[in-house]
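Here are my notes after going through the model. Have the structure open as you read and tell me if you see it otherwise.

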Amino acid sequence: QVQLVESGGGLVQAGGSLRLSCLASGSIFTINPMGWYRWYRQAPGKQRELVAAITSGGTTVYADSVKGRFTISRDNAKTTVSLQMDSLKPEDTAVYYCNIEALLRRVQYWGQGTQVTVSS
């Protein structure tokens, strides 16, 4: 089994920055090294949505709402993924989850989530 532990969440004023990190441990040999690493978020009363994703080669995808403000990165050797969040807005308030693909098809690992709260 793989455990994903997120860190870096907290309370910040609008316009501020936070950096989220996600570290994988356990049976990391079951992680697909060529798979996507992703960050999702879920705000109260809303569905979970994809925020950003990155391939092992560095190709990135961002939700329109965070383009130009968030930057995703990954360290393949350390099996970590980070999300630098700048110019934060109150609407970025949510629980943020990291997600990593397993070698086994259709299996994905999820972190427990970290709360990000942006005050206006």
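**Notes on the predicted model**

1. Start with the disulfide count: a search of the whole structure turns up one. Keep in mind that this is a predicted model. The pair is Cys 22 and Cys 98, with 2.0 Å between their sulfur atoms. The link is right-handed, at 50° about the S-S bond. Cys 22 sits in strand 3 and Cys 98 in strand 9, so the bond ties together parts that are 76 residues apart in sequence.

2. Are the two cysteines buried or exposed? Cys 22 has 1% relative accessibility, and since the cut-off for buried is under 20%, Cys 22 counts as buried. Cys 98 is buried too, with a relative accessible area of 0%.

3. Next, the strand pairing around Cys 22. Strand 3 (18-26) runs antiparallel to strand 8, and six bridges join them. Within that pairing, Cys 22 has Val 81 of strand 8 as its bridge partner.

4. Strand 8 (80-85) also pairs with strand 7 (70-75), again in the antiparallel sense and over six bridges. Ser 73 stands opposite Ser 82 of strand 8. Strands 7 and 8 make a hairpin with four residues between them, and Thr 79 in the turn has a positive phi of about 55°.

5. How enclosed is strand 8? Five of its six residues are buried, so strand 8 is largely enclosed by the rest of the structure.

6. On to the packing. The largest nonpolar core has 30 residues, and the members that touch the most others are Trp 39, Leu 83, Met 85 and Tyr 96. Elements giving two or more residues to this core include strand 1 (2-7), strand 4 (37-42), strand 5 (49-54) and strand 11 (114-119). Strands 3, 7, 8 and 9 are on that list as well. As general background, nonpolar side chains tend to be buried together in soluble globular proteins.

7. Arg 69 lies in the loop between strand 6 (60-62) and strand 7. With a relative accessibility of 10%, below the 20% cut-off, Arg 69 counts as buried. Which residues does Arg 69 touch, leaving aside those up to four places away in sequence? The contacts are Gln 84, Met 85, Asp 86, Ser 87, Leu 88, Lys 89 and Asp 92. One of these, Met 85, came up in point 6 among the core residues that touch the most other members.

Methods
Residues numbered from 1 in each chain as written. Predicted model: local features only at pLDDT ≥ 70, side-chain atom pairs only at ≥ 80, totals over all residues. Heavy atoms only, no water. Buried < 20%, exposed > 50% of the residue type's maximum accessible area, 1.4 Å probe, protein only. Contact = heavy atoms within 4.5 Å. Core = buried A, V, L, I, M, F, W, Y, C linked by side-chain atoms within 4.5 Å. Disulfide = S-S within 2.5 Å. Pairing = 2+ DSSP bridges.
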